[in-house]
Amino acid sequence: MSNDAATAEAAGTAEAPPPVAEPIPHGLGASLPPADARAKTEGTFPYAADLWAEGLLWAAVLRSPHPHARIVSIDTTHAREMPGVRAVVTHEDVPGAALHGRGRADRPVFASDVVRHHGEPLAAVAADHPDTARMAAAAVIVEYEVLDPVIDPEQAFEAEPLHPDGNLIRHIPLHHGDPDAAGEIVVEGLYRIGRQDPAPIGAEAGLAVPRPDGGVELYLASTDPHGDRDAAAECYGLTPEQVKIVVTGVPGATADREDQGFQLPLGLLALRTGCPVKLTATREESFLGHAHRHPTLLRYRHHADAEGRVVKVEAQILLDAGAYADTSSDALAAAVAFACGPYVVPNAFIEGWAVRTNNPPSGHVRGEGAMQVCAAYEAQMDKIAKKLGLDPAEVRLRNVLATGDVLPTGQTVTCPAPVAELLQAVRDFPLPALPKDTPEDEWLLPGGPEGAGEPGAVRRGVGYGIGMVHMLGAEGADEVSTATVKVQDGVATVLCAAVETGQGFTTLARQIVQDTLGVDEVQVAPVDTDQPPAGPGCRGRHTWVSGGAVERAAKMVRTQLLQPLAHQFGMSTELLQIADGKITSYDGVLSTTVAEALDGKELWATAQCRPHPTEPLDGTGQGDAFVGMAFCAIRAVVDVDIEIGSVRVVELAVAQDVGRVLNPAQLTARIEAGVTQGVGIALTENLRTPRGLIRHPDLTGYALPTALDTPDIRIVKLVEERDVVAPFGAKAVSAVPVVASPAAVASAVRAATGRPVNRLPIRPQAAVVTAG
Amino acid sequence: MTTHAPQAAQAVTLPTTLDEAVAALAAMPAAVPVAGGTDLMAAVNSGQLRPAALVGLGRISEIRGWQYQDGHALLGAGLTHARMGRPDFAALIPALAAAARAAGPPQIRNAGTLGGNIASAAPTGDALPVLAALEATLIIAGPDGARREMPVSHLLAGMEMLRAGELIGYVRMPLLHAPQVFLKATGRTGPGRATASVALVLDPARRGVRCAVGAIAPMPLRPLEAEQWVASLIDWDNGRAIVPEALHGFGEYVAAACIPDPAPAEDGSVAQLPPAVLHLRRTVAALARRALGRALT
């Protein structure tokens, strides 16, 4: 709105005719801007790190400096005696359940006998100043007996169990089709994917406030408030009602937030001291605390016929889950199920393992499982094309999946799967121009501005990646969400515990209510655990289940609103329609406004949305495990300096299967964000952990893509084939570009250099072409 | 009630001349001098450093510009990277300007200074190979108006140290009026730390080539023999012509000098360098070859 004012002012000074006021966008399909966009850009939006309470204490967490050690003793005497220190807690002070964990409860709040990864929490301190708290945490004396860490996932099978639950977290042997099937050509490959960190722009922070009833309120940037509340209550030995999580602004979440390694101690300290306790993690603590993307080792063998059609895929997939299970089981299911990619593969034998090591724990980071296998199966498709002398896009087109085809899990793809259309769209999009050999274009060379790029050593390559992800939780997870819609005085309010992580849920909720009720002013209430659960914000859940719940609730309110009118005019409510705040009947006899019909009444409705059930993968990896799937094809164009091995991604052309465009501006932003995260995996993002120790836990050592690293992102096609089982027919859009873009970049580097490029991120030495 | 003194009690002095700054340091030996703060404040924010007092160097106008002194440029240590990257400065010392422009994102270049780059002496400091190639001299300000000189390489190699209470005041370097090149390889397109960098300057008056390789060792390395060898192959009177093979040879020579093969074992066998080191060597060779090629055309 202020923009309009500014334009109007500018136009006025130029003495142009006054511009026609553009209508404020509303409803589904419009580019409604987020309500909090202004506060976020101006820096006034309150995140957890900005919260304050009178008399608050500061917390610090002592984390293990070793990846694997036996704890001989923990002595907190010195720390307790330091002036200003109010409480020191260790495993002895945890009143409730000893273990917690997102996927599986196998993780202690504080390590008691063994530390299993670098950065595992051992103790926490509350003090009256953050520096005092940090110093006191450092003054806790822990005597360790350092043990050899298991850092190679391949050795986890043979190693001594690192945990009473054993080292094998999950094993899926998928069998599909005829094991003796063979093709005319065979291509093989061994692929390694590095450890991506979600690196949220805002590090972890939280405030815990004790309640007079013996409970505690946690102010956190949680993406799964009810799940986190239940875990906290169990650890504190309280009932879930005694713990309340209030969700503050979420500063970036492409993975699960918050890190339970600090959020559980925070509440514990508040309960212990009776004072509010706050913690804001440093960037280093953030890297040490939260879960990362699974580093993965993949071994593939593809059999294909002479035309390039895949006959059989054999693969072994090994996920390094790190020290604790977290959601590794889900990641493995996705990796195994999508190991062949969006291609028709009649015979597939995929074996997947998620194993425990002493590396930092891996967990949900969007596109988990699917991203790693995509890099491998797309590399295999390139190899088939090379072996048969075919165009890489053509080989893919000969194999693509369509609606009605069967996945290796035995599940029939019932949702729209316009894979061929997506691939053709990116293939046929015009290629970007070559940079001109002029000083002005020098910054377009690999290595960037002031880099060492030399036009004579630069080779261009074009490559493809097609990704697929599943939406919502899989394998029988109950993906329910509940929402309430209230209308009073012409203002609608949405209450739903779906967390706005930046994915645009609050904007979507406003659009849905605007569409259904014809009310322009829609507010979305802040989220806390007093509301009914809406589940975690991941895998595009909230667009589907929470959006669906909001729509149902809004429709119920609509019926309540229209019922009296319909009754009065003797027609059913279906014959009345609401548009632009007016209620009209099909024949135009009735015309009134929403405000009049409301007549000071307050209307409420609550509804749930629960997608159709899924089943777990069985002993041979078979089962209808997924509710829905989304697809994306990306064509990458890269320039490689073949002497130095520097890679510049010139352009990524994206075609995506979105079901239905609900908010074009947000959709574009989500795709661009996903693609950029994928470019990070492809080129720079790798949290290195030699000997199990995280090296360079800072944003200088861990290189996120900057504006210069990010290529031109061209969204060439959005295929809108509605998914009939999804509310509005829309599909989740954020994760699948992350899955496809690293594979596309690797494929393009392969085309430019002729090198195999088996490892992500691509190291410079893998992209050089040496003579001879 | 808190155990910590409030922030405001921290002593911050903002002197306006170099001698005042030295005096402030002498008066408060615990004080830490700060110019751009791009390294210092990162250490403060991560809790590694809690300076009792700060002496801010940002208001000392005498060290924020440069002057000429018998064929040399006398650069103030407070020159920011952003200032050095501008065209007027690039006309004087092109390699230093190129290094300054490559030295990180604009926010860092606006704050970070030449003196800070030297004092931090990070292996990846982008200005350092240029200073080494130019054989720059530091003018160090000490108590009571004392000034002493020190070759920059002595400080970087640890042969001489800054004494307590001393500040780097100026950096003196020759004005060569000839092409200079700074090239940097990073792992990315955006601003990043160098994996290897090469500064190369021509000295036509003395018919010399001077080259320094940065980021691969704790200090910039000078391949002196390679410099002399290639200088003898340049036809200085004939448009500085050189045969392409010599460019190639120079690259290999520099790379082998900076990243030598391991010494042969007792049985005469030579261990192979690890792939990452071999790649670094190839990168240095490519950078040195390209740098000389660009300087001579």
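Modeller: The bounds of the domains come from an automatic or database domain assignment. The model itself is predicted. For chain B the assignment gives domain 1 (10-56), domain 2 (61-174) and domain 3 (180-296). The part to look at is where domain 1 of chain B meets domain 2 of chain B.

The C-alpha centres of these two domains of chain B lie 19 Å apart. On the side of domain 1 of chain B, 14 residues make contact, and they touch 19 residues of domain 2 of chain B. Helix α1 (residues 18-27) of chain B gives the most to that side of domain 1, with 6 residues. By type, the residues on this side of domain 1 of chain B are 8 nonpolar, 4 polar and 2 charged.

Next comes the sheet. It is open, has 5 strands in the order β4-β5-β8-β6-β7 (chain B), and its pairing is antiparallel. In general, strands of a sheet pair through backbone hydrogen bonds, either parallel or antiparallel. At the edges are β4 (66-69) and β7 (147-151) of chain B, each of which pairs on one side only. From one strand to the next, the twist averages 25°.

Within the sheet, β6 (residues 137-141) and β8 (residues 167-174) of chain B form an antiparallel pair over 5 bridges.

Technical notes:
Residues are numbered from 1 along each chain as its sequence is written. Chains are lettered from A and ligands numbered from 1 in the order in which they are written. This is a predicted model: local features need pLDDT of at least 70, side-chain atom pairs count only at pLDDT 80 or more; totals for chains, interfaces and linings use all residues. Two residues are in contact if their C-beta atoms, placed from the backbone, lie within 7 Å. Helices (H or I, at least four residues) and strands (E, at least two) are DSSP runs, numbered from the N terminus. Ala, Val, Leu, Ile, Met, Phe, Trp, Tyr, Cys and Pro count as nonpolar, Asp, Glu, Lys and Arg as charged, and the others, Gly among them, as polar. Two strands pair if DSSP finds at least two bridges between them. Axes are lines fitted to C-alpha atoms, for helices over the stretch in contact, and angles run from 0 to 180 degrees between N-to-C directions.
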